[in-house]
Amino acid sequence: MNRLSLLALLIASTLLASCGAWRKTPTDITLQTPPPRSNESIVLEALKSQFEEFDWEAPFYRAKGSAQVDYPGTSQKARLEVRISTEQSAPLVWLDIADPLIGLKLARVQVDADSVQGYAHIVNKVLTEPISRLADAGLPVSTWDLIYLLTAQPISLPTSVVGMVLTASSDGQQALWTVRYPVRRGDHQGELTLVLTQQAPHRLISQELKVNAILAQARVDYDVSGGWTAQFKGASTEGGLRFEPNQSGWEQASLSFPFTLPSGYARVEF
């Protein structure tokens with residue numbers, strides 16, 4: 001091959017290379033599409049987003065209204081006042097029950113971080129026990145559980161989708177989620193069931209805690225008006241409380257929680 005032919009071949013090769021004729025065909029890259037999220041994962045995220053870092057409107061809550069107290073074989077109407085402190089170092093629930101007509105004090109209960117105390121003038125009895133003893137009476141709840149129950153917040157959130165059971169339904173007016181998941185209360189395994197609206201912000205319709213090992217069950221149903229109905233069943237006791245507030249709200253100013261155990265009353269034993 002003479003020099004002229006070699007030069008022509010070199011020029012042609014350069015031109016072809018510059019046009020991409022000798023370039024390698026690029027390798028196809030397939031993007032991995034993540035699997036679709038499960039409905040349980042969506043609900044778990046929604047619950048944590050709204051309730052995990054719940055910001056109380058104020059440190060204190062007070063509500064007054066009419067109540068109906070139900071026990072097997074009896075039902076009594078009363079006035080009920082609820083006071084709550086959500087201070088982390090000193091959570092407190094205070095309930096005062098009075099005669100609906102003249103306001104005569106019938107009973108008062110105070111639950112702090114460590115103990116539950118109460119008295120009932122109508123039966124001349126007092127109660128003072130560690131908070132842990134509530135489980136023995138069929139109420140396996142803590143002070144914070146009571147605060148959440150009384151302010152329409154879930155008493156516990158699921159930590160994962162493991163064990164979660166989700167059902168979608170409608171009450172004819174709005175779409176609902178029913179979520180069941182395992183929880184622990186003390187030494188016992190239980191199950192919590194929440195019913196809430198699918199539309200955010202999610203409104204809690206009801207919550208129910210069951211601890212089968214101690215035959216305990218507690219449920220609260222919430223009204224749009226702010227009223228609620230609580231029911232509980234234990235191995236040896238059961239009852240209910242219906243509350244319809246005519247005044248309720250959060251307060252910045254510190255509330256008082258007057259409580260003194262009367263003397264001479266018989267002590268209630270679990």
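Which residues does T197 touch, not counting residues up to four places away in sequence? Keep that in mind; the tour gets there after some ground rules.

**Before you start**

This is a predicted model: local features need pLDDT of at least 70, side-chain atom pairs count only at pLDDT 80 or more, and totals for chains, interfaces and linings use all residues. Residues are numbered from 1 along each chain as its sequence is written, and side-chain values use heavy atoms, with hydrogens and water left out.

**Stop 1: colour by confidence**

Colour the chain by pLDDT, the predictor's confidence in each residue, from 0 to 100. The chain mean is 86, and 85% of the residues reach 70 or more. Confidence is highest in strand β3 (residues 92-98), at 96, and lowest in helix α1 (residues 3-19), at a mean of 48. Select residues 6-12: the pLDDT there is below 50, and this stretch has 1 contact in the model beyond near neighbours in sequence. Now select residues 14-18: the pLDDT is again below 50, with 4 contacts beyond near neighbours in sequence. Contact means heavy atoms within 4.5 Å. Where pLDDT is low, the predicted coordinates should not be read in detail.

Helices (H or I, at least four residues) and strands (E, at least two) are DSSP runs, numbered from the N terminus.

**Stop 2: helix α2**

Select residues 39-52. These 14 residues form helix α2. At 1.5 Å a residue it should span 20 Å, and its end C-alpha atoms are 19 Å apart, which agrees. The expected span is 1.5 Å times one less than the number of residues. Show the side chains of V43, L44, A46, L47 and F51, the buried residues of α2. Seen down the axis, they fall within an arc of 165°, so they line one face of the helix. That arc is taken over the directions from the helix axis to the C-beta atoms. Buried means under 20% relative accessible area, exposed over 50%, and partly exposed in between (1.4 Å probe, protein chains only).

**Stop 3**

T197 is buried, with a relative accessible area of 6%. Here is the reply to the opening question: T197 touches Q174, A175, L176, W177, H202, R203 and I205. A polar atom of its side chain lies 2.8 Å from the backbone nitrogen of R203.

Move to P201, in the loop between β9 and β10 (204-211). A cis peptide bond joins A200 and P201, with omega about -5°.

**Stop 4: K105**

Select K105, in strand β4 (residues 105-111). The side chains of K105 and D96 are joined by a polar contact of 2.7 Å. A polar contact is a pair of N or O atoms within 3.5 Å; within protein, one must be able to donate a hydrogen and the other to accept it, and residues adjacent in sequence count only if both atoms are side-chain atoms.

**Stop 5: two positive phi values**

Select A152, in the loop between α3 (143-150) and β7. Phi of A152 is near 60°, a positive value in a residue other than glycine. A152 is partly exposed, at 26% relative accessibility.

Finish at L215, in the loop between β10 and β11 (216-222). Phi of L215 is near 55°, a positive value in a residue other than glycine. L215 is exposed, with a relative accessible area of 59%.
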